[in-house]
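Trainee: I want to check the labels on this one. Take me through the terms and the values behind them.

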Amino acid sequence: MQNTIDTCSHIISDEGMEEPAVFSDMADILTKEKVIREDLKQPLKNMMGLRNIIAHQYGDIDFKIIYKIVKDDLKDIYRFL
């Protein structure tokens, strides 16, 4: 997930696109600039949100749920790549 965020950040920076205020803005910017398709915008935002939950440990983390989400999100990461 972090690598996906880093890739988005590099694309936005390298291409001189508008600066995102928060991670999830990167998905909007890349969609608007036609770097990613509209159908990848929400999955990308979801990945970024999950990354924040894990990184900052908001609340109690249920690792079984995290595993299922990550396993299911792999297809979206591959689509993004």
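Mentor: Start with the elements. Helices (H or I, at least four residues) and strands (E, at least two) are DSSP runs, numbered from the N terminus. By that rule the protein has 4 helices and 0 strands. From the N terminus on, the order is α-α-α-α. This is a predicted model: local features need pLDDT of at least 70, side-chain atom pairs count only at pLDDT 80 or more, and totals for chains, interfaces and linings use all residues. Residues are numbered from 1 along each chain as its sequence is written, and side-chain values use heavy atoms, with hydrogens and water left out.

Trainee: What makes K32 and E18 a salt bridge?

Mentor: A salt bridge is a side-chain nitrogen of Lys or Arg within 4 Å of a carboxyl oxygen of Asp or Glu. For K32 and E18 the N to O distance is 2.4 Å. The pair therefore meets the cut-off. Side chains of opposite charge can pair when their charged atoms come close.

Trainee: Which parts does the pair of K32 and E18 tie together?

Mentor: K32 lies in helix 2 (residues 25–32), and E18 in the loop between helix 1 (2–14) and helix 2, so the pair ties together parts that are 14 residues apart in sequence.

Trainee: Why is K32 called exposed?

Mentor: Buried means under 20% relative accessible area, exposed over 50%, partly exposed in between (1.4 Å probe, protein chains only). K32 has 53%, so it counts as exposed. E18 has 43%, so it is partly exposed.

Trainee: How many salt bridges does the rule give?

Mentor: The count comes to 5. One of them joins D28 and K41, at 3.7 Å from N to O. D28 lies in helix 2 and K41 in helix 3 (residues 38–56), so that pair ties together parts 13 residues apart in sequence.

Trainee: How do you know that K45 forms a salt bridge with D28?

Mentor: The closest N and O atoms of K45 and D28 are 3.1 Å apart. K45 lies in helix 3 and D28 in helix 2, so this pair ties together parts that are 17 residues apart in sequence. D28, E38, K41 and K45 are linked in a network of salt bridges.

Trainee: Are D28, K41 and K45 exposed or partly exposed?

Mentor: Partly exposed. D28 has a relative accessible area of 28%. K41 has 22%, and K45 has 23%.

Trainee: Which residues of helix 2 are buried?

Mentor: M26, A27, I29, L30 and T31. Their cover includes helix 1 and helix 3. After helix 2 comes K34, whose phi is positive, near 65°.

Trainee: Which residues touch the most other members of the largest nonpolar core?

Mentor: A nonpolar core is a set of buried Ala, Val, Leu, Ile, Met, Phe, Trp, Tyr and Cys residues joined through side-chain atoms within 4.5 Å. The largest has 15 residues, and C8, I12, M26, L30, I36, L44 and M48 touch the most other members. Helix 1, helix 2, helix 3 and helix 4 each supply at least two residues of this core.

Trainee: What does I12 touch?

Mentor: Contact means heavy atoms within 4.5 Å. Not counting residues up to four places away in sequence, I12 touches M17, E18, P20, M26, I29 and L30.

Trainee: What makes L74, Y78 and L81 a nonpolar patch?

Mentor: Patches are made of residues with over 30% relative accessible area and no salt bridge: like charges are joined within 9 Å, nonpolar side chains (Val, Leu, Ile, Met, Phe, Trp, Tyr) within 5 Å. Together L74, Y78 and L81 have about 370 Å² of accessible area, from the Shrake-Rupley method with a 1.4 Å probe, where for residues only the protein chains shown count as cover. Y78 lies in helix 4 (residues 63–80). At 58% relative accessibility, Y78 counts as exposed.
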